[in-house]
Amino acid sequence: MREPAYKIDLPHVYSGKVRDIYDAGDNRYLMVTSDRISAFDVVMNEPVPNKGRVLMAMSAFWFEHLSEIGASHLISTDMADFPEQAQRPELAGRTMLVHKAEMLPIECIVRGYITGSAWKEYQRSGTMHGEALPTGMQESEQLPEPVFTPSTKAEDGLHDENISFDAAADLVGTELANQCRDLALSLYTAGRDHAAERGIIIADTKFEFGFVNGQLAVADEVLTPDSSRFWPADQWMPGSTPPSFDKQPVRDHLDTLDWDKTPPPPTLPESVVQASAARYVEGYERITGKSFADWPG
Ligand SMILES: Nc1ncnc2c1ncn2[C@@H]1O[C@H](COP(=O)(O)OP(=O)(O)OP(=O)(O)O)[C@@H](O)[C@H]1O
Ligand SMILES: [Mg+2]
């Protein structure tokens with residue numbers, strides 16, 4: 001397993017591409033969001049300064065904003081509530097105490113616009129996650145209405161696979177798949193509407209749900225630039241893909257290289273890292289209307 005970015009004297013449960021998870025006792029996890037950045041599912045060598053704090057700040061904003069739509073795993077982002085071993089200044093603003101969730105084996109994606117892997121599939125077969133779509137759609141066009149398009153949850157290093165609603169129902173049961181769809185669509189719609197007022201299009205997003213005390217809850221991160229595509233509304237034009245508020249500078253740079261998108265990753269120039277860092281902060285400030293300077297850490 002990957003080495004955690006911050007070693008904490010608690011049992012280390014898991015390190016994903018971005019987050020390090022520790023057991024905080026009493027059925028709780030401590031999730032630390034690192035500055036690691038992944039592109040094409042490969043973690044880069046260079047951290048993006050403050051990225052983990054921005055993702056955390058944004059998730060915290062949405063958990064609060066969306067709390068009436070669904071329960072979440074969040075207990076606290078306040079260091080005073082953390083186990084003593086985690087009360088360290090370098091963890092401030094990038095750490096949350098959460099309920100341990102029994103995670104579902106699917107990723108709950110919602111697409112409001114057709115782009116990325118969905119656009120590729122549509123070009124190939126006129127479908128999206130196996131379901132038919134109107135003909136003649138253009139890249140980045142808004143879908144007639146948001147669609148729940150689940151995927152499998154691949155092991156580290158592998159790519160998730162887009163699946164149909166029926167395939168998701170085979171994995172988790174029809175009733176739960178329906179519940180996931182309803183929750184994901186409600187969360188997405190509320191988030192999309194909020195962002196639209198601030199000039200940002202949330203083109204698509206991925207939620208991860210799990211059971212907390214028998215109740216379906218939103219876990220992981222929510223509506224961040226890592227789990228979603230945020231586009232500046234004034235740069236959106238169907239027929240092309242707008243730049244997004246996130247690792248776009250990193251992706252653009254990687255596209256100029258002859259790299260096969262498998263580890264080891266190439267070295268990122270400092271200017272690319274800084275440009276990406278600035279975009280994360282700008283996305284946060286536009287969405288929340290808050291200054292990132294006021295976020296702890
Ligand atoms: N409350 C929770 N309880 C249990 N697991 C959680 C909870 N919230 C998030 N997770 C899991 O923790 C991990 C977060 O780590 P991270 O986002 O870095 O992983 P990832 O690289 O995106 O995904 P992968 O799991 O494929 O490594 C995810 O596997 C996510 O499903
Ligand atoms: Mg993740």
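This is a predicted model: local features need pLDDT of at least 70, side-chain atom pairs count only at pLDDT 80 or more; totals for chains, interfaces and linings use all residues.
**View 1**
Helix 6 covers residues 270-288. Its 19 residues should span 27 Å at 1.5 Å a residue, and the end C-alpha atoms are 27 Å apart, which agrees. Buried in this helix are Val272, Val273, Ser276, Ala277, Tyr280, Gly283, Tyr284, Ile287 and Thr288. An α-helix has 3.6 residues a turn, so residues three or four places apart point the same way. Glu270 and Ser271, on the other side of helix 6, are exposed. The cover over the buried residues includes helix 1 (51-65), helix 4 (174-196), strand 15 (200-212), strand 17 (228-232) and helix 5 (248-255). Just after helix 6, Gly289 has a positive phi of about 70 degrees.

**View 2. The shell around ligand 1.**
Ligand 1 is surrounded by 19 residues, the closest being Tyr14, Lys17, Val18, Arg19 and Glu208. Strand 2 (19-25), strand 3 (28-33) and strand 8 (95-99) each supply at least two residues of this shell. A nitrogen atom of ligand 1 is 2.8 Å from a polar side-chain atom of His73. Of the 600 Å² of accessible area that ligand 1 has on its own, the protein covers 89%.

**View 3. Asp220 and its contacts.**
Asp220 sits in the loop between strand 16 (215-219) and strand 17. Its relative accessibility is 14%, so Asp220 counts as buried. Beyond neighbours within four places in sequence, Asp220 is in contact with Arg19, Met31, Phe63, His73, Met96, Lys206 and Glu208.

Terms used: Residues are numbered from 1 along each chain as its sequence is written. Chains are lettered from A and ligands numbered from 1 in the order in which they are written. Side-chain values use heavy atoms; hydrogens and water are left out. Helices (H or I, at least four residues) and strands (E, at least two) are DSSP runs, numbered from the N terminus. The expected span of a helix is 1.5 Å times one less than its number of residues. Buried means under 20% relative accessible area, exposed over 50%, partly exposed in between (1.4 Å probe, protein chains only). Contact means heavy atoms within 4.5 Å. A residue is near a molecule or strand if one of its heavy atoms lies within 4 Å of it. A polar contact is a pair of N or O atoms within 3.5 Å; within protein, one must be able to donate a hydrogen and the other to accept it, and residues adjacent in sequence count only if both atoms are side-chain atoms. Accessible areas come from the Shrake-Rupley method with a 1.4 Å probe; for residues, only the protein chains shown count as cover.
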